[in-house]
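Here's a quick briefing to read with the model open beside you. Have a look at the fold, then go through the points below.

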Amino acid sequence: MDWSPTSWRSRPASQQPDYPCAREVEEVVGLMSRLPPLVTSWEIEALKAQIAEAAAGRRFLLQGGDCAETFEDCESGNIASKLKILLQMSLVLVHGTRKRVIRVGRFAGQYAKPRSEDLETRDGVTLPSYRGDLINAAGFTEAERIPDPQRMLRGYERAALTLNFIRSLIDGGFADLHHPEYWDLGFVKHSPRAAEYQRIVESIGESLRFMEALAGTTVGEINRVDFFTSHDALHLPYEQAQTRRVPRRDGWYNLSTHLPWLGMRTCDLDGAHVEYMRGISNPIAVKIGPGMTPRWLNGLLDVLNPENTPGRLMLIHRLGAGRISEMLPPLIETVRESGRTVLWCCDPMHGNTERTASGIKTRNFDHIVSELEQAFDVHERLGTYLGGVHVELTGENVTECIGGARGLTEEDLAREYKSQVDPRLNYEQALELAMLIAGRAGELEQ
Ligand code: PEP
Ligand code: CO
């Protein structure tokens, strides 16, 4: 069946806002279609090749960042801390797994959120739900909540600013493995895990010096680390606007991000999101929640990766600590029977969201760890490779998830809770999780 960047429009599209003026949406999409892309097809193809290697067990993928970026948080400190924690985690993972790590940020475009309700009522006033800064604002007034298409342009610009800063930092040497001190976060010294992290840093420094002494030169390629971007391809007019053909390559690319993913609520086989995703050449990911059935998954494999293209498809399971051991095996069997290769990745966050007695959204570190451990167990038992992890985190010292080495409790949540949407791991919890994964993934090698 014919595909075009607009063919999704003939299908039912869930999670889309109700704009007051359709013509203005088209004007903005038209304008964005002429602006330069945020990423290139070379980078996208490089990531696809790396994902193919991960699917074959030779790399590990780390994907992380905020649940939702906000326009306000588009500032240097915030972006740099996110890079720092991802770099630190990846260092721990490289050390533990002895594999190259692919770093993918949930950033430079993670501005749209799925919501369970279209409307929100407070004190008798009903307004559209907040759907992320790409669509409307979080404040509870009509002016803030009415969807505004100009926000797509603001989002595109913020994504460009974010990416520009990240690229400059990386090119300037921020991620140089000779200088892990560049990534220290202010409160690292007080962390219960600081000593362990320092030992890892020293051991990597030693290996680097050893190799350089042997080679008689600096080790060029390992000096450089790459970062790729990803976001939930939820808001289809935004995705469409950046979907282009490029010279000397076949097909269409979504040039707003390297790795777009389909959320759990937008992977209906007949829906607009699957229609859009099937036609682009990027590597893509699909979130697999507890409602997924073998039959549905088979349909997705057929539509999204009919040719079994290496590196094309990543499946991110997010089933919850209570359900994963029962639900994951039949899904793994389904993929195995289909004869297709995917990169398996675990999101231990979204199946473990809960509310405290006072109604605050949180996640318990123990449940996050438990889902991850079970994920490693199930894949090991079935002979598949768990090659990635997907987490919501921040480099800031927030108190949004309970537990971890410092033992955050429900009472602590009131102190530094900043997320408008899902609760994120803070720096210490994220590093602790990386150590745990490194331990588990490293064991598999022995
Ligand atoms: C998310 O990643 O923030 C999200 C909403 O995930 P899911 O689609 O898995 O619920
Ligand atoms: Co989230």
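F210, M211 and L214 together make a nonpolar surface patch of about 340 Å². This is a predicted model, where local features need pLDDT of at least 70, side-chain atom pairs count only at pLDDT 80 or more, and totals for chains, interfaces and linings use all residues. Residues are numbered from 1 along each chain as its sequence is written, chains are lettered from A and ligands numbered from 1 in the order in which they are written, and side-chain values use heavy atoms, with hydrogens and water left out.

**Surface patch**
- A patch takes residues with over 30% relative accessible area and no salt bridge, joining like charges within 9 Å and nonpolar side chains (Val, Leu, Ile, Met, Phe, Trp, Tyr) within 5 Å.
- Accessible areas come from the Shrake-Rupley method with a 1.4 Å probe, and for residues only the protein chains shown count as cover.
- M211 sits in helix α6 (residues 194-215); helices (H or I, at least four residues) and strands (E, at least two) are DSSP runs, numbered from the N terminus.
- M211 counts as partly exposed because its relative accessibility is 36% (buried is under 20%, exposed over 50%, partly exposed in between, with a 1.4 Å probe and protein chains only).

**Salt bridges**
- Searching the whole structure turns up 26 salt bridges, each a side-chain nitrogen of Lys or Arg within 4 Å of a carboxyl oxygen of Asp or Glu.
- E43 and R167 pair up through their side chains at 2.8 Å, N to O.
- That pair ties together distant parts of the chain, with E43 in helix α2 (residues 41-55) and R167 in helix α5 (residues 150-171), 124 residues apart.
- R167 is partly exposed, at 31% relative accessible area.
- D302 and R340 form another salt bridge, at 3.2 Å, N to O.
- Here too distant parts of the chain are linked: D302 is in helix α10 (residues 294-304) and R340 in the loop between α11 (324-338) and β11, 38 residues apart.
- D302 is partly exposed at 42% relative accessibility, whereas R340 counts as buried at 17%.
- A network of salt bridges links R106, K361, R363, E392 and D422.

**Strand β11**
- W344 lies in strand β11 (residues 343-346) and is buried, since its relative accessibility is 5%.
- W344 and G387 are 43 residues apart in sequence, yet their C-alpha atoms are 5.7 Å apart in space.
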